[in-house]
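Hi there,

Here is the structure I promised to pass on.

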Amino acid sequence: MPQIRTWTLIRVIGLLVVFPTLCPAQVAGPSERLLPATTKGAVFIADCDKLSEQWNKTQMGKLLKDPVMEPFAKDLRRQFQDRWSGVHDRLGLTLDDLKGVPGGELAVALIQPGPDLAATAILVDVTGHLDEAGAMLGKVAANMKKKGAKQTEHTIAGTKVILFDMPKDDEGGPEQVVYFLSGNTLGAADHLATIQGILARMTGQAGSSLAEVPGFQAVMNRCKAHAGKAVPQIRWFLEPIGYFETRQAVTSQRKVIRTKKDNTALEIARNQGFERIRGVGGFVDFAVDRFELLHRTAVFAPPPYEKSMKMLVFPNSTQFAPQPWIPRDVATYTTFYWDVLNAFDNFGSLFDELFGEPEFLFSVNPTHQAEFEKGQLGEKLRKEFKNSGLPLAEKVEVVTKRPGELWHVIDGKKVFIVKKGKTLRVYMADTGMWEEVLESLKEQEDGPQIDLRKDLVSHLGKRVTVITDYKLPITTTSEQLLFAIKATDVKAVTAGLKKLMENDPTIKRREYKGQVIWETVEEAVDHPTLQIDLPTLPGQEPDKGDKNNDEEAERLLPNASTTVAFGHLLVASRYKFLVKVLDKAKDQESLGQAVDFRAVDATLKELGATESSVRVFSRTDEEYRPTYELIRQGKMPESETLFGRMLNATLGPNKKGVVREQKIDGSELPDYQVVRRNLGPAGIFVSSEPEGWFAVGFMLPK
């Protein structure tokens, strides 16, 4: 969670060092009432001038204006402009073209007009800036002319639009780009029907909008309920599955059925029930009240849940005091309540999908497609299943996973996958691997002979804690993590851990001051790669990558050390860090006595963290130090931390099998002491609610 927060902050900083020159602003416009209901992701800046003003009041804003930080700020602006290049490629609009144009709300959206289609749209309130808007349209026309586009003018819903017919290319670019200026609203999209819909809604004609989407309504209303009358500086919204599906649509190469090493996060999430997450969104504000940063996030995920989505059970609690053994000087401290046993019981389908591989059974004529679409399998189809040795029960469930393309036939515990190509190809999903693993752990003569659920997992409680720190000097392996799960029966967990570890050739038994520690010394098996698509600006194409490159994923904790102490199962990223925690437990002062922790804890409670499921405390000056120092050293592409990998994927070319070239020149960055005095403590709380989760986070001034 701390790494995710760091990555998000960098994105927001990139936005803020670019957008201050774009717009003085007036009143926020109703962009969500103009955007279509098929909008899958959107960012709304209510008042660019106010946002710039508030950002410049923060300590971070002041720091980036300091001449010593100019090299970093310059590179950050360039990186953000590179990320905008996807919008430029599709709309012919650069960030420089937008300067001085907005006079009110600015909205950028990614839209899914239909299956396998994607559209990028921009809406700008240009109140008081009509001359600048006209000049911008002239620049766009010049940009489009250079691209070889043919420009024509048309009238739609009484509004003059400029239509650019784009030359054909092999990169999946748009066929048409449309601009309009109606009253004080400037709009653009790379899809004609999207503009037609926007103009229809502007004139009061029928057509559902983003404002009517239940997921959008739920997250915006939840954030507004907490914010009260305050108008957020930034709003954002994602329909997660739809967003990534739409991004994927702009690429030409797509595969529905893949081997176990080719699964994407999108496919796995959809198949595992995460489509129940109908919306994620929030408010972001800078320099409000006593906060440097204040953000609210809501997740709308109405039950019922299925498959591994059922793992997400995070009970609320009031007990969040740091355990006495938590070192006072950690960089971050995260503690949450999670129904671990329930998660274990619902992990099997996810494991099967990650590691399993569909087995081809037979092909049938495409004329049978109507039967799958209606959910009614005829005698000929049932005969094919029977001939394959897999007769179907009288009642089976047919689930459309992708209209006209992919279906699942569910017969008890058996799942069949039907994919449309030249024929309808039927596969049997591997749904038993997890059970086989558990059985082998329990029964194999040369295995640990452990009933993992009965002997270990059932004796774990619901409180989970994660702490992070780093070791000096800063290197690519400086990050240190420790995970702790409360034990309900310490003796049983100790015995279960011993049974699991003692005969494993990759595990070394060590003893430290009478404490038995199990250390991982080598990897004995390969692990499948899970490709994760990181969010980008709407319109930016994801890296297609090299489908022939089967680079193996590394373990999260390749040198993990595990023990049972302080009534917890402890898993540390490295032996020395675990020993450090064991030794520091003897100190009389723990994290709960630290002044900055108490300040953050009190603020969390003031913001509503009474009953919650997650609490996060961060010393951002310590959390961000490893990243900063690696940038200074020019070694960020070699970083082995989770955040390092995410940052490289965000700012770099994201090509597998190569060390990326660092894009930010850190050689001129000042000593970290100049930076750390501007980074205050931060906190987050998350509450579980009947239809999802709600989070509030902040950063205090130093």
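Below is what I found, starting with how the model was treated.

This is a predicted model, in which local features need pLDDT of at least 70 and side-chain atom pairs count only at pLDDT 80 or more, while totals for chains, interfaces and linings use all residues. Residues are numbered from 1 along each chain as its sequence is written, and side-chain values use heavy atoms, with hydrogens and water left out.

A word on terms: helices (H or I, at least four residues) and strands (E, at least two) are DSSP runs, numbered from the N terminus. Two strands pair if DSSP finds at least two bridges between them.

First, the open sheet. Five strands make it up, in the order β12-β16-β15-β14-β13, with antiparallel pairing. The edges are taken by β12 (359-364) and β13 (397-402); each has a single partner strand, so one side of each is left without a neighbour in the sheet. On average, neighbouring strands are turned by 25 degrees against each other, direction ignored. Five bridges link β12 to β16 (residues 424-428), and Ser363 sits opposite Arg425 in β16. Helix α15 (residues 379-387) packs on this sheet and touches β12, β15 (414-420) and β16; contact means heavy atoms within 4.5 Å. The direction of α15 makes about 145 degrees with that of β12. Axes are lines fitted to C-alpha atoms, for helices over the stretch in contact, and angles run from 0 to 180 degrees between N-to-C directions.

Next, a helix pair. The axes of α13 (residues 348-355) and α16 (residues 433-443) are 7 Å apart, at an angle of about 105 degrees. The two helices are therefore roughly perpendicular to each other (65 to 115 degrees). On the α13 side, Gly348, Phe351, Asp352 and Phe355 meet Met433, Trp434 and Val437 of α16.

Asn346 counts as buried because its relative accessibility is 18% (buried is under 20% relative accessible area, with a 1.4 Å probe and protein chains only). Beyond its neighbours within four places in sequence, Asn346 contacts Lys307, Ser308, Lys310 and Met311.

Finally, a hairpin. Strands β19 (residues 507-512) and β20 (residues 515-520) run antiparallel and are joined by six bridges, with Arg510 opposite Ile517. Two residues separate the strands, and Lys513 in the turn has a positive phi of about 50 degrees. β20 also has two bridges to the antiparallel β21 (residues 561-565), where Thr562 is the bridge partner of Trp518.

Happy modelling!

How values were computed
Angles under 35 degrees count as roughly parallel, over 145 as roughly antiparallel, 65 to 115 as roughly perpendicular and the rest as oblique. Buried means under 20% relative accessible area, exposed over 50%, partly exposed in between (1.4 Å probe, protein chains only).
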